[in-house]
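Visitor: I am new to this structure. Please show me how to read it, feature by feature.

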Amino acid sequence: MAKAGHAWSRAAAEQGEAEEGEDPLDAMIARTGCLEQHRQLQECMAERQDWRHCQAQLRAFGACMARRQQRER
């Protein structure tokens, strides 16, 4: 189950990569060092279908991205 231009599950992402090459958003996130947190959030969203049930993963991804932004300054 993939959204246009972005996969919501690891299996869909891997299948999409094999068919179309790497997802540009995944490539961008990989460069931040937060890809694992992002994939955990994707997996939660795919499973729960409601971001409100994925707050721990959302906070972890947000914290990782905030640390990345602080390092760049």
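Visitor: What should I know before starting?

Guide: This is a predicted model: local features need pLDDT of at least 70, side-chain atom pairs count only at pLDDT 80 or more, and totals for chains, interfaces and linings use all residues. Residues are numbered from 1 along each chain as its sequence is written, and side-chain values use heavy atoms, with hydrogens and water left out.

Visitor: What does the protein chain average in pLDDT?

Guide: pLDDT is the predictor's confidence in each residue, from 0 to 100. The protein chain averages 80. At least 70 is reached by 73% of the residues.

Visitor: Where is confidence lowest, and where is it highest?

Guide: The lowest mean, 44, belongs to strand β1 (residues 2–3). The highest, 96, belongs to α3. Over residues 1–5, pLDDT stays under 50. The model has nine contacts for that stretch beyond four places in sequence; contact means heavy atoms within 4.5 Å. Where pLDDT is low, predicted coordinates should not be read in detail.

Visitor: Which elements make up the protein chain, and how do they run?

Guide: Helices (H or I, at least four residues) and strands (E, at least two) are DSSP runs, numbered from the N terminus. The protein chain has four helices and two strands. From the N terminus on, they run β-β-α-α-α-α.

Visitor: How do α2 and α3 pack?

Guide: Axes are lines fitted to C-alpha atoms, for helices over the stretch in contact, and angles run from 0 to 180 degrees between N-to-C directions. Here the angle is about 135°, with the axes of α2 and α3 8 Å apart. That makes α2 oblique to α3. The angle classes are roughly parallel under 35 degrees, roughly antiparallel over 145, roughly perpendicular from 65 to 115, and oblique for the rest. Asp26, Ile29 and Ala30 of α2 meet Leu35, His38, Arg39 and Gln42 of α3.

Visitor: And how do α2 and α4 pack?

Guide: Helix α2 (residues 24–32) packs on α4 at about 65°, with their axes 10 Å apart. From α2, the contact uses Ile29, Arg31 and Thr32. From α4, it uses Phe61, Met65, Arg68 and Arg71.

Visitor: Which residues form the largest nonpolar core?

Guide: A nonpolar core is a set of buried Ala, Val, Leu, Ile, Met, Phe, Trp, Tyr and Cys residues joined through side-chain atoms within 4.5 Å. Buried means under 20% relative accessible area, exposed over 50%, and partly exposed in between (1.4 Å probe, protein chains only). The largest core has eight residues: Ile29, Cys34, Leu41, Cys44, Met45, Cys54, Phe61 and Cys64. Its largest share, three residues, comes from α3. Across the protein chain, 29% of the 73 residues are buried.

Visitor: Is Cys54 buried or exposed?

Guide: Cys54 is buried, at a relative accessible area of 0%. Cys54 lies in the loop between α3 and α4. Beyond four places in sequence, Cys54 contacts Leu41, Cys44, Met45 and Arg48. Leu41, for its part, touches Cys54, Gln57, Leu58 and Phe61, with residues up to four places away left out.

Visitor: What is the phi of Gln49 near?

Guide: Most residues other than glycine have a negative phi. Gln49 has a positive value, near 60°. Gln49 sits in the loop between α3 (35–48) and α4 (55–72).
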